[in-house]
Amino acid sequence: MNTTAARRRIVAGNWKMHGSRAETQALLDALLAPAQIDERVTCIVFPPFVYLSDAARTLRGQPIHLGAQDVCAEAPGAYTGEVAAPMLRDVGCDYVLVGHSERRALYGEDDALVARKFAAAQANKLLPILCVGETLAERDADQTYAVVGRQLDAVIAVSGVAALAQAVVAYEPVWAIGTGRTATPQQAQDVHAFIRGRVAALDAKIAAGLRILYGGSVKAGNARELFTQPDVDGGLIGGASLKADEFLAIWSAALADRRAH
Ligand code: PGA
């Protein structure tokens, strides 16, 4: 499917549960200082919840967008410790990660809950980045497509395929997250093409416009060859997004290799 030209790339930094208030500010300042980032490639950062308000203030009017790492599926109410989608919107978030593999594996989030989070985000005008991906055991058992397909279908079943026009998908093989073991560009491309094909079977136009990010040990040194794959529309970066130079280099790789064709 040669429909890559219309899709604006995304480079997103998932800061996970890292950094102090001062370190968060310093990282934002470093990303903003060189004025290297602009809207040709969408840049999003995902600081911890407690730093979102500060970050929103710093990023106001700047070409870096703000997102949260998770969201509660419920409307505001008696849910101690949770953060509702309207609150994220209120403090200046435009994006939210849903179904990150750490949420699925460490906090027991299943496909049904992830689908509800996705719907809650969209109902509050947050753009969800739906994370999908298989474990090493699932890959070894040839279950990659079955798992990724199931994770995707769960969201489509609740929100409908049209909802993907206002969403992003991130393919993050669990075995590649934080391990230094990156999927090969071909492995990434194969799963990205599978995802796009599955959506295309329901709606070709939405599939053609859907941004599918790769995540899992993306670094400055491997970003470019990943981003040259026809169905890879950018990256969701963990560890390497905590170093400004490295993250800026990844962003530049996405810019340099924007398909001119
Ligand atoms: P990593 O994390 O880049 O450190 O592998 C990616 C992610 O968890 O989103």
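Reader: How do I read the lining of the largest cavity, and how many nonpolar, polar and charged residues does it have?

Author: Sort the lining residues by class: here there are 3 nonpolar, 3 polar and 2 charged ones. Keep in mind that you're looking at a predicted model.

Reader: Which residues are those?

Author: The largest cavity is lined by G99, S101, R104, C131, V132, G133, E172 and V174. Two elements, α4 and β5 (127-132), each give two or more residues to that lining.

Reader: How much space lies in the largest cavity?

Author: About 30 Å³. With a cut-off of 30 Å³ or more, the structure holds 1 cavity.

Reader: And pockets? What's the volume of the largest pocket, and which residues come closest to its centre?

Author: A pocket is open, while a probe in a cavity cannot get out. In this model, the largest pocket has a volume of about 480 Å³. It has 16 lining residues, and K16, M17, Q69, R103 and Y107 are the closest to the centre.

Reader: Which helix gives the most to the lining of the largest pocket?

Author: That's α4, residues 101-106, with 3 residues. By class, the lining of the largest pocket splits into 7 nonpolar, 5 polar and 4 charged residues.

Reader: What about the second largest pocket: how much space is there, and what lines it?

Author: Look for about 230 Å³ of space. The second largest pocket is lined by 18 residues, with G178, S217, G238, G239 and A240 closest to its centre. Sorted by class, its lining has 8 polar, 5 nonpolar and 5 charged residues.

How values were computed:
Residues numbered from 1 in each chain as written. Predicted model: local features only at pLDDT ≥ 70, side-chain atom pairs only at ≥ 80, totals over all residues. Heavy atoms only, no water. 1 Å grid on protein atoms, 1.4 Å probe; cavity = no way out; pocket = protein on both sides within 12 Å on 5 of 7 lines; lining within 4 Å. Points joined across faces, edges and corners; volume = space filled by probe spheres on them. Helix = DSSP H or I, 4+ residues; strand = E, 2+ residues; numbered from the N terminus. Nonpolar A, V, L, I, M, F, W, Y, C, P; charged D, E, K, R; others polar.
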